[in-house]
Amino acid sequence: MTAQTVSEPKAYATAVDSPARFRNLLTAEWIKLWSLRSTYWVLGVGALAVIGINVNSARTNAQRLAHQPELPPAPPPGFPAKPEMLFDPLAAAFVDPAWQLLMVIAGSVGALAVFGEYTTGLIRITFAAVPARHAVMTAKAIVMVAVTLVLGTVVAGTSFGVTQAILQDHHGMSLGDPGALRAVAASALLAPLCALVGMALGALVRHAAGTVVAVVGVLLMVPALFTGETYRWVKEIGNAMPLCAWRALVRNPARDYAAEKYPVPVGEAWGVFGGWALVAAVVMVVVVRRRDV
């Protein structure tokens, strides 16, 4: 009787004190994300809205081109027409307002995954169960990146496929055409990138309204402030923003004949993507580890 009484507390203490395995953290973060109904609605409706805007752009252009002579798909040397006079089928799949909407959606969902636990107080329970805060935030980031990467891939692939099918009689493109695969890949990666930025801002601000405003400000408003080509340093700051890098990556090489004064090279644009993702992940982990709950 005595031996049984002593052995049971030891077994119980071993089970409680044993550290959580990383796959358990991933499972917990997955359950947290999908336990919110807003996750389904925001991601689902947002994806349909982005695809719908792109498809509507393709249909509008197809109808317009069917009733008027079409300009050449690429200008010959010395062609005097302005860039906006030439129809670009790739641009129909990557309409700027549509993908700005996706950026806000992904950034907001990423921010919600962090500030949501702080506003409800659940973060105290999480860190009490798993004192290794860096492991919790790493698991949270991995789950968020995986989900938003799937979201971005579905939206980018569907937008490109449907729009080019609509424009098949007007120089519609395939993935094998120059710049097409790069544009789809960049658009697919834009969602997880913005989600990481949102998570970092959520860790910094820890307030619902303030974080959403910060997401919109960093991802959309700041690039708008650093436009124009009068001053090189202003343009270079703008070129270092995710939105400007994405625009450079989805640009059709066949239409890029009106050279900008300070363009964003493709390699630099990919570097902006990687740099922002890395910095956002580091900021999120460091801030959560150093600040009180």
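We will talk about a pocket, one of its lining residues and some aromatic pairs.

Mentor: A word on the ground rules: this is a predicted model, where local features need pLDDT of at least 70, side-chain atom pairs count only at pLDDT 80 or more, and totals for chains, interfaces and linings use all residues. Residues are numbered from 1 along each chain as its sequence is written, and side-chain values use heavy atoms, with hydrogens and water left out.

Trainee: What volume does the second largest pocket have?
Mentor: About 260 Å³. On a 1 Å grid over the protein atoms alone, a pocket is an open set of points where a 1.4 Å probe fits, with protein on both sides within 12 Å along at least five of seven lines; lining residues have an atom within 4 Å of a point. Of the 16 lining residues, Lys32, Leu36, Leu112, Ala113 and Glu117 are the closest to the centre.

Trainee: Which helix supplies the largest share of that lining?
Mentor: Helix 5, with six residues. Helices here are DSSP runs (H or I, at least four residues) numbered from the N terminus. Helix 2 (22-34), helix 5 (96-120) and helix 7 (133-166) each give at least two lining residues.

Trainee: Glu117 lies in helix 5. Why is Glu117 called buried?
Mentor: Buried means under 20% relative accessible area, exposed over 50%, and partly exposed in between (1.4 Å probe, protein chains only). Glu117 has 6% relative accessibility, so it counts as buried.

Trainee: What makes the link between the side chains of Glu117 and Lys140 a polar contact?
Mentor: The term asks for a pair of N or O atoms within 3.5 Å, one able to donate a hydrogen and the other to accept it; residues adjacent in sequence count only if both atoms are side-chain atoms. The Glu117 and Lys140 side chains are joined at 2.4 Å.

Trainee: Now the rings. Why is the pair of Trp34 and Tyr40 called tilted?
Mentor: Rings of Phe, Tyr and Trp (its six-membered ring) pair if their centres lie within 6.5 Å; planes under 30 degrees apart are stacked, over 60 edge-to-face, and the rest tilted. By this rule there are five aromatic pairs. For Trp34 and Tyr40 the centres are 5.1 Å apart and the planes stand at 55°, so the pair is tilted.

Trainee: How do you know that Trp34 counts as partly exposed?
Mentor: Its relative accessibility is 21%, so Trp34 counts as partly exposed. Tyr40, at 48%, counts as partly exposed too. Ring pairs also link Trp30, Trp34 and Tyr40 into a cluster.

Key
Points joined across faces, edges and corners; volume = space filled by probe spheres on them.
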